[in-house]
Amino acid sequence: MELYVLFCFVLFFGFAAKKVLIVYAHESPASFNAAAKDAAVATLTAQGCTVEVSDLYAMKFKAAATTEDITGGVKDAENFSYAKEIKLASEEGRLADDIKKEQEKLKEADLVIFQFPMYWSSVPAIMKGWMDRVLGFTYAQEKRYSEGIFKDKKAMLSFTTDCPESVYSDTGINGDINVTLWPLQNGILNYCGFQVFAPQIFWDPATGSPESRSSMLEGWRTRLQNLCGEASVYFAPLDYFDKEKGFLLKPEVKEKYASKESGLTVGIHMGKPLPANSQTKAGV
């Protein structure tokens with residue numbers, strides 16, 4: 001079994017000893033999120049991976065994206081654009097030290113796991129700050145989505161909720177979890193070019209029994225051991241869209257999908273029913 005798992009990582013990542021970055025956002029070492037993070041570190045390390053953790057609260061990571069992120073002053077203070085200024089500062093080596101350090105970790109990583117409790121149907125502010133500041137330089141790039149800077153890297157969300165799965169169903173009060181995940185998985189990760197694995201969702205562990213929490217963690221360990229067999233979540237490639245016409249779907253793509261029962265993706269649904277589970281299962 002151990003040889004098979006090692007073979008999978010060689011096949012999937014190219015060679016076994018790959019680098020994983022876990023961006024972690026929870027203050028309590030006794031939390032379920034901490035347990036999920038620790039399980040990932042142990043499981044991936046046992047498979048020969050080098051795992052680094054950015055513990056954002058322990059680091060007291062600055063969440064706000066401001067002019068302080070750029071050394072030597074901004075180029076256009078009167079018409080300040082964070083995306084443009086941070087891109088230029090990145091090219092000129094003028095980023096704040098904490099951003100530089102995180103970008104170095106990101107540069108080395110083959111897989112990035114974001115571990116967090118879901119806050120207001122999104123990530124905690126400190127993690128959003130990491131995304132804004134560390135990934136910010138990618139926003140003004142010409143290459144994005146399937147041609148993005150990180151197209152050779154993989155990423156995934158792993159998070160806890162404070163409610164059962166039914167609350168985030170297509171008839172639940174919070175609405176379809178696939179819609180909730182679209183801004184994060186498409187608007188941030190896919191935009192940057194990451195190949196996005198389906199999320200690992202821990203539904204309401206706080207109210208579960210010790211046995212159910214243990215089972216959740218064991219399922220997470222098992223999944224990490226078998227990532228080699230997983231495809232990524234589907235997103236429409238950049239060449240489906242016409243840059244000269246405001247990045248609208250090309251006519252031939254619309255024609256291709258005209259007879260389909262559901263839309264292309266959650267966001268690009270073409271006025272049709274959303275494709276079921278397209279943000280929570282691979283290849284849908």
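## Cysteines

Cys163 is buried, with a relative accessible area of 8%, where buried means under 20% relative accessible area, computed with a 1.4 Å probe on protein chains only. Cys192 is also buried, at 4% relative accessibility. With a disulfide taken as a pair of cysteine sulfur atoms within 2.5 Å, the count is zero disulfides.

## Basis of the model

This is a predicted model, in which local features need pLDDT of at least 70 and side-chain atom pairs count only at pLDDT 80 or more, while totals for chains, interfaces and linings use all residues. Residues are numbered from 1 along each chain as its sequence is written, and side-chain values use heavy atoms, with hydrogens and water left out.

## Aromatic pairs

The whole structure holds twelve aromatic pairs, a pair being rings of Phe, Tyr or Trp (its six-membered ring) with centres within 6.5 Å, called stacked when the planes are under 30 degrees apart, edge-to-face when over 60 and tilted for the rest. Phe116 and Phe159 are stacked, because their ring centres are 5.3 Å apart and their planes lie at 20 degrees. Phe116 belongs to strand S3 (residues 111-117) and Phe159 to strand S4 (residues 154-160), so the pair ties together parts 43 residues apart in sequence; strands here are DSSP runs of E with at least two residues, numbered from the N terminus. Both Phe116 and Phe159 are buried.

The rings of Phe137 and Phe150 are edge-to-face, because their centres are 6.3 Å apart and their planes at 80 degrees. Phe137 and Phe150 are both buried.

Notes:
Buried < 20%, exposed > 50% of the residue type's maximum accessible area, 1.4 Å probe, protein only. Helix = DSSP H or I, 4+ residues; strand = E, 2+ residues; numbered from the N terminus.
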